[in-house]
Amino acid sequence: MNKEDFPILNKNIFGKPLIYLDNAATSQKPKKVIEAMTSFYENDNANVHRGIHTLSEKSTVKFEKAHETVAKFIWAEKEEIIFTSGATESLNMIARMLEEDINEGDEIVLSVMEHHSNLIPWQELARRKNAVLKFIPVDENYGLAIDQVDKLITEKTKIVAITQMSNVLGTINSITKIADIVHKVGAYLIVDAAQSVPHLKIDVKDLGCDFLAFSGHKVYGPMGTGILYGRKDLLKKLLPINFGGGMVNGVTLETAKWGDLPEKFEAGTPNVAGAIGLAVAIEYIQSIGIDVIETYCRELTNYALDKLSAIPGVKIIGPGKSLMRGPVVSFTVEGIHPHDVAEMLNKNGIAVRAGHHCAMPLLTELNLSGVTRASFSFYNTKEDVDALVNAISEVKQNVSINKEISKTTETTETIDQELYQENILDHYKNPHNKLEMIDCTVKHPELNPLCGDKIVLYLKIVDGIITDVSFQGDGCAISQASISMLTDLIKGKTLNVVKTYTEKDVYDLLGIPISHTRQKCALLSLKALRNGLTSLEEENA
Ligand code: PMP
């Protein structure tokens, strides 16, 4: 639907038409949004609020109108819409705005499925104020354990901050059910709507939330834009946390009088072009109809769930189609690391994301280091899903053929031969030096936070020589091959020699061009070596 409005979707990647299935990370931009921003800079560019001249007047009117457009979209009032740089900034802001109300021993309730952006700001608030964090667990159907909400929210609860749609599981949480419980105990309800705003009709009053955060770039608007909605009566009472120009009604040398809403919370020169672009994006969505988008994406998601779950070895990590869920479909492919799956799909022109998706605690809870995620928009089609399914099936087929061969050769599963050199695959299939070392001098764990690769490096050092080396852990083909090769290289070498090894030495070992996104995988081994030796030096200092 409406694919022709998105210039980027005509691109080819590796000679294949781009199939963009990474919409949960960011959506593509319709031509209208791009043109509106260019037009602002070509015709209207001036700072807002402070100028009498014509351009400043035009810019101010457009910026204020953008507030109105966003307000109408989520059924709020203009004064309740604060422009930010994204959901992350919105959530950080509200955590600081509420700080004055939080005392030692107060409780903040979150869920296990939160994105880091709706977790770390609250961790930091709890640390600053000696408050207590509590977490609503995820049940066996990948939903919120709603029966526990009643027990977790108590008279001590001051803040409940919950995502409306999980960016990993696709689960849609019933905010209205939670809102009743939250308000009974007089706590604040904050909703992370980064994933839900592009796909669901949002009425902040119906939801019963006090604050709601979302990002402009996931809703077809520009990067660097976001919204913090706050209930007007609360915003009037709360104090600003950023100070400077544009947010005051009067200033003396000693004091300042805060401006009206929403300027009180929008200090400094705002991202006017971004706000205008976001408003145009919202108007564009409204021209299609958010209910049309919701229905279309639900059907596409159900189709994808059916097709993907029919592939042997593919496991969906998220609710089935009978449950409330959005168009975010995460999965694992037996025997293939999510990074390798994503790389193979990329070679077919298919853009998906792999890793922990900034929800590390959720992945830990599910006992997974990463998942591959396909996320859909209204410009995706069933043909896109078919292409995804075919590409994964092909990869799986390779694996099973290789498995058959491996029965006689005693090797383990393998992955796409065309993608990685035989040397890398050899080390991946049969890693060298992969075992625990008990009598080691150094034991150093290292993690690649991008994809969840975890290794532990063991070194035995005698008289400045690495007499033995081994490692444990799992990861993608690149990171496993890299550590396997590096351990071979350093065995028997002096520390003085080993310390001279650089990134280039690791790339030379791997012998293939390493794309920017895979550099962390490739260099995890070197990082473990360097940090392991540094901690030994610190111990001996
Ligand atoms: N919350 C959720 C659920 C998200 O998916 C994201 C983005 N992945 C964020 C918050 C943070 O959004 P941004 O990076 O645009 O600030």
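## Ligand site exercises

A polar side-chain atom of Asp-192 lies 2.6 Å from a nitrogen atom of the ligand. The model is predicted: local features need pLDDT of at least 70, side-chain atom pairs count only at pLDDT 80 or more, and totals for chains, interfaces and linings use all residues. Residues are numbered from 1 along each chain as its sequence is written, and side-chain values use heavy atoms, leaving out hydrogens and water.

**Exercise 1.** Find the side chains with an N or O atom 2.5 Å or 2.6 Å from a ligand oxygen atom.

*Solution.*
- Start with Thr-88: its side chain has an N or O atom 2.5 Å from a ligand oxygen atom.
- Go on to His-217: an N or O atom of that side chain is 2.6 Å from an oxygen atom of the ligand.
- Then take the area: alone, the ligand exposes 390 Å², and the protein buries 85% of that (Shrake-Rupley method, 1.4 Å probe).

**Exercise 2.** Sort the shell around the ligand into nonpolar, polar and charged residues.

*Solution.*
- List the surroundings; among them are Gly-86, Ala-87, His-115, Asn-167, Ala-194 and Lys-218.
- Apply the classes: Ala is one of the nonpolar residues, Asp and Lys are among the charged, and Gly counts as polar.
- The shell divides into 2 nonpolar, 8 polar and 2 charged residues.

**Exercise 3.** Compare the chain's radius of gyration with that of a compact globule.

*Solution.*
- Take the length: 541 residues.
- Apply the globule rule, 2.2 Å times the number of residues to the power 0.38, with the radius taken over C-alpha atoms.
- A compact globule would come near 24 Å; the chain has 26 Å, which agrees.
- For the extent, the C-alpha atoms fill a box of roughly 75 × 60 × 50 Å along the principal axes.

Key: Near = heavy atom within 4 Å. Polar contact = N/O pair within 3.5 Å; in protein donor to acceptor, adjacent residues only side chain to side chain.
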